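Have the viewer open while you read along.

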Amino acid sequence: CKDIVLCITKRDLLPDTTGNDKLAHFLLSRLEEKNVSVRQIVVTGDYGKDGADEVRRAIFDFAYGREIVIMGVANAGKSTLLNALLGQNEPLTMSYHPGTTLGFTKLNWEGYTLYDSPGLHTMNSMIFLLDDKQLRTAIPRKQIKPKTFQCTSDQSFALGGLARIDIYSDVPYSVTAYVSEQLPIHRGKTEGADELWKNHYGELLKPTVGKPAQMKQTKMNVYKEGTDICIHGIGWLCIKGDVKSVKVFCNKNAKATCRKAMI
């Protein structure tokens, strides 16, 4: 029998206005959609340090002497959380680059056996397509400062040269970007977006992955409550307003999805 305790790591990257209760409620609704059951949700901040005591209590409550595996997607902060939990004198290796933990690391702690596992590689995440320099630009290293744009017409948003989101609407709407402050955001009219990418890809629009011809187009669903357009591994744009449609362009090996707005 396996029991799951879901740890929300890197909580400190989200704005303070995003309450922990609201975040947990959102994740519970997403888990219900996927028919996934968990014993507890633990919100950890400051790269895992603030939630270490709550994780410790969850282990005591649910492990019953069984072995424990710490698992999750690459670059999720698993090793950092373990360092905070164990108080390691020789901390586990941490890095912004995915795949730093290459094998299972066995750890003995408080009478339990813990395993730090390699990050799960979701190859459609943008982080697996970027080199070290690009990762430092694309991955947030401190608390995200949302950038909000008020729009009254069709608009195109470029996240560097990694993704482009075209939004079509006849009524006013807002767009809030939750991405690294190092990643440039370029806003313009949709009618000139193709020309912009043709003439400035890799120059004004950077960092980039592959060539413009490798971009794929995806039409997204729109939710009345608000829509998050997620570029996996990078962040998301939250659209609030009665927009008609949204198109997303990103590398064919990356994934873009939509969901009801989290914030």
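What follows are my entries, from the whole chain down to single side chains.

**Ground rules.** I worked from a predicted model, in which local features need pLDDT of at least 70 and side-chain atom pairs count only at pLDDT 80 or more, while totals for chains, interfaces and linings use all residues. Residues are numbered from 1 along each chain as its sequence is written, and side-chain values use heavy atoms, with hydrogens and water left out.

**Whole chain.** I looked up the secondary structure and found 5 helices and 15 strands; helices (H or I, at least four residues) and strands (E, at least two) are DSSP runs, numbered from the N terminus. The radius of gyration is 20 Å, close to the 18 Å that the globule rule gives for 263 residues, so the chain is as compact as a globular protein of that length. That radius is taken over C-alpha atoms, and the rule is 2.2 Å times the number of residues to the power 0.38. Along its principal axes, the C-alpha trace spans about 65 × 35 × 30 Å. I also noted that buried residues make up 47% of the 263; buried means under 20% relative accessible area, exposed over 50%, and partly exposed in between (1.4 Å probe, protein chains only).

**Strand E14.** Next I turned to E14, residues 245-251, where 6 of the 7 residues are buried. Which strands pair with E14? Strand E8 (residues 163-168) runs antiparallel to E14 and is joined to it by 6 bridges. Strand E11 (residues 215-220) also pairs with E14 in the antiparallel sense, over 6 bridges. Two strands pair if DSSP finds at least two bridges between them. For orientation on screen, I marked Tyr 168, whose bridge partner in E14 is Ser 245, and Lys 216, which stands opposite Cys 250 of E14.

**Salt bridges.** I counted 10 of them, taking a salt bridge as a side-chain nitrogen of Lys or Arg within 4 Å of a carboxyl oxygen of Asp or Glu. Arg 164 and Asp 166 meet in one at 2.8 Å, N to O. Are these two buried or exposed? Arg 164 is buried because its relative accessible area is 6%, and Asp 166 is buried with 1%.

Glu 225 and Lys 260 form another, at 3.8 Å, N to O. This pair links distant parts of the chain, 35 residues apart: Glu 225 is in the loop between E11 and strand E12 (227-231), and Lys 260 is in strand E15 (residues 256-260).

Asp 228 and Arg 259 meet at 3.0 Å, N to O. They too link distant parts of the chain, with Asp 228 in strand E12 and Arg 259 in strand E15, 31 residues apart. Both Asp 228 and Arg 259 are buried. I also found Asp 3, Arg 39 and Arg 66 linked in a network of salt bridges.

**Thr 44.** I found Thr 44 in the loop between strand E2 (40-43) and helix H2 (52-62). Thr 44 counts as buried because its relative accessibility is 0%. Its side chain reaches the backbone oxygen of Ile 8 at 2.9 Å.

**Val 73.** My last stop was the loop between strand E3 (68-70) and helix H3 (78-86), where Val 73 is found. At 40% relative accessibility, Val 73 counts as partly exposed.

How values were computed: A polar contact is a pair of N or O atoms within 3.5 Å; within protein, one must be able to donate a hydrogen and the other to accept it, and residues adjacent in sequence count only if both atoms are side-chain atoms.
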